Amino acid sequence: MTQYANFHYTERITSDFLKLERGNGLKDLALATHGVNNGQAVKTGPVWSLVSGSSTDRDAVLRMISELDKYHGLPNGMFSCDEHLAGRDPSQGSELCTVVEYMFSLEHALAITGDPSLGDKLELLVFNALPGTFSDDVWAHQYNQEPNQVECSLHHKPWTTDGSESNLYGLEPNFGCCTANFHQGWPKFTNSLFVLSGKQESDAEDGLVAAAYAPCEVGIIIRGMAVHIAEVTDYPFRGHVRLNVNPASALNFPLRLRIPAWAKGATVTVNGRPSAYPEPGSFARIDRAWNPGDRVELSFPMSPRVSGWFNNSVAIERGPLVFSYGIGESWVKMRQRGLAADWQVFPTNEWNYALHVDAEAPANSIVVKEEEIGDVPFARSHCAVKLSAKARKVDDWRAEDGVASPLPQSPVTANQPESTITLIPYAAAKLRITAFPQAAG
Ligand SMILES: [Zn+2]
């Protein structure tokens, strides 16, 4: 926490900065700027606040996240950490261990602070950065993923200390830590979908909170009675969530529902009747006698949104999903590893597009198409949502040695003819452009 009270690590960390050639003499500096350590540290303030009782400690998590986003934030929800903090260029990477540790920190911080923005951040990682960095069958994963990832190969990469295999898809690319860590991500998230509300504050608050959304069932004892809730939803691809609430018999308790900050115009109904017109970025609270068979329905409108990134680039979001241009992929097996294999992935087409979108009214320039959700929801072969937008190629934005060169400062003048490109969920595109230059005019 002290590190973030006066945050010094505002630039990409270089090997010169770490003075790596001097051996272990400055080991603390390397650890202080190491991605996984920072991902784990995000929960420090809220967890310590349970001992100290200090609201300053509890709220420190928001400052830590805002500093990481300000200097190292990427459009997939992560901060860059291709071993060490690496600035905002979307060609820099983030380590998979950091994704799952950051998720775990956000789950604890959300449960302790009750701040709904932490749920929004958590879902960004859960539905984008995490599935974006492993294969559809989960037999191959990366060490480092890049939002603008135009090739996964042995070519030189812009990492400070990581090895050349770091963004291959494989069994244990670069190092085995991510292999040992990555499968904690979704199970711990599932465990955190519902949390209990503040019993310690007053008995009246003794209830249940829907902190994040995904299909699930929860069985819990509230006020001495068994309560079962079944959540039926196609979230994050659709904005409708149904909760079938079944206490063993009639029971009073408050049910809180997180309303994401992007969900403008959200509605909540109980048994078909409007219950609340909730504010985005808050928890809707329904305190009533729940009866077996009660039905709560949430509707989160999912209009496309435009967010701003490195060199005034833009990314497109819809609900908790980030969208990317999926570059054509050629997967080349490098070596067999028992039941698994290590893969290089090479691009099969150009990707140097600037987007032409209306940032003030994105729905005017981005067309949304919902399709059937496949058995593997994030698979590229069966995308549940596709967006289309106008784009033009930018002649002088190219790859250098397998890495997209830094985005040109936007707006850019693009003289190539306008075309329509399709954007797919970030996680479906293993080669991708996520932060786009903005076409002028
Ligand atoms: Zn790792």
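Q: Which residues is Ser94 in contact with, leaving aside its neighbours within four places in sequence?
A: Contact means that heavy atoms lie within 4.5 Å. By that rule, and leaving aside neighbours within four places in sequence, Ser94 is in contact with Leu74, Met78, Phe79, Ser80, Cys81, Tyr143, Asn144 and Gln145. The model is a predicted one, in which local features need pLDDT of at least 70 and side-chain atom pairs count only at pLDDT 80 or more, while totals for chains, interfaces and linings use all residues. Residues are numbered from 1 along each chain as its sequence is written, and side-chain values use heavy atoms, with hydrogens and water left out.

Q: Is Ser94 buried or exposed?
A: Buried means under 20% relative accessible area, exposed over 50%, and partly exposed in between, with a 1.4 Å probe and protein chains only. Ser94 is buried, with a relative accessible area of 0%.

Q: Where is Ser94 found, and which backbone oxygen lies 2.9 Å from a polar atom of its side chain?
A: Helices (H or I, at least four residues) and strands (E, at least two) are DSSP runs, numbered from the N terminus. Ser94 belongs to strand 3. A polar contact is a pair of N or O atoms within 3.5 Å; within protein, one must be able to donate a hydrogen and the other to accept it, and residues adjacent in sequence count only if both atoms are side-chain atoms. Here the backbone oxygen is that of Phe79, 2.9 Å from a polar atom of the Ser94 side chain.

Q: Which residues coordinate the zinc ion?
A: Donors are N, O and S atoms within 2.8 Å of the metal (3.2 Å for Na, K and Ca); water is not among the atoms, so sites may look incomplete. The zinc ion is coordinated by Glu95 (OE), Cys97 (SG), Cys177 (SG) and Cys178 (SG), at 2.0 to 2.3 Å. Distant parts of the chain are linked in this way, with Glu95 in strand 3 (residues 94-95) and Cys177 in helix 9 (residues 177-181), 82 residues apart. Glu95 is buried, at a relative accessible area of 2%.

Q: What is the geometry of the zinc site?
A: Four donors count as tetrahedral if all angles lie between 85 and 135 degrees. The site of the zinc ion is tetrahedral, with angles of 102 to 120° among its four donor atoms.

Q: How is the span of helix 6 read?
A: The expected span of a helix is 1.5 Å times one less than its number of residues. For the 18 residues of helix 6 (residues 55-72) this gives 26 Å, and the end C-alpha atoms are 26 Å apart, which agrees.

Q: Where does helix 6 bend, and where does helix 8 bend?
A: The bend at a residue is the angle between axes fitted to the seven residues ending there and the seven starting there. Helix 6 bends by about 30° at Val61, and helix 8 bends by about 30° at Leu125.

Q: Which residues of helix 6 are buried, and what covers them?
A: Asp57, Ala60, Val61, Met64, Ile65, Glu67, Leu68 and His72 are the buried residues of helix 6. Their cover includes helix 1 (2-5), helix 4 (35-41), helix 5 (44-52), strand 2 (84-85), helix 7 (96-113) and helix 8 (116-132).

Conventions
Four donors count as tetrahedral if all angles lie between 85 and 135 degrees; four count as square planar and six as octahedral if opposite donors are over 155 degrees apart and all others between 65 and 115; anything else is irregular.
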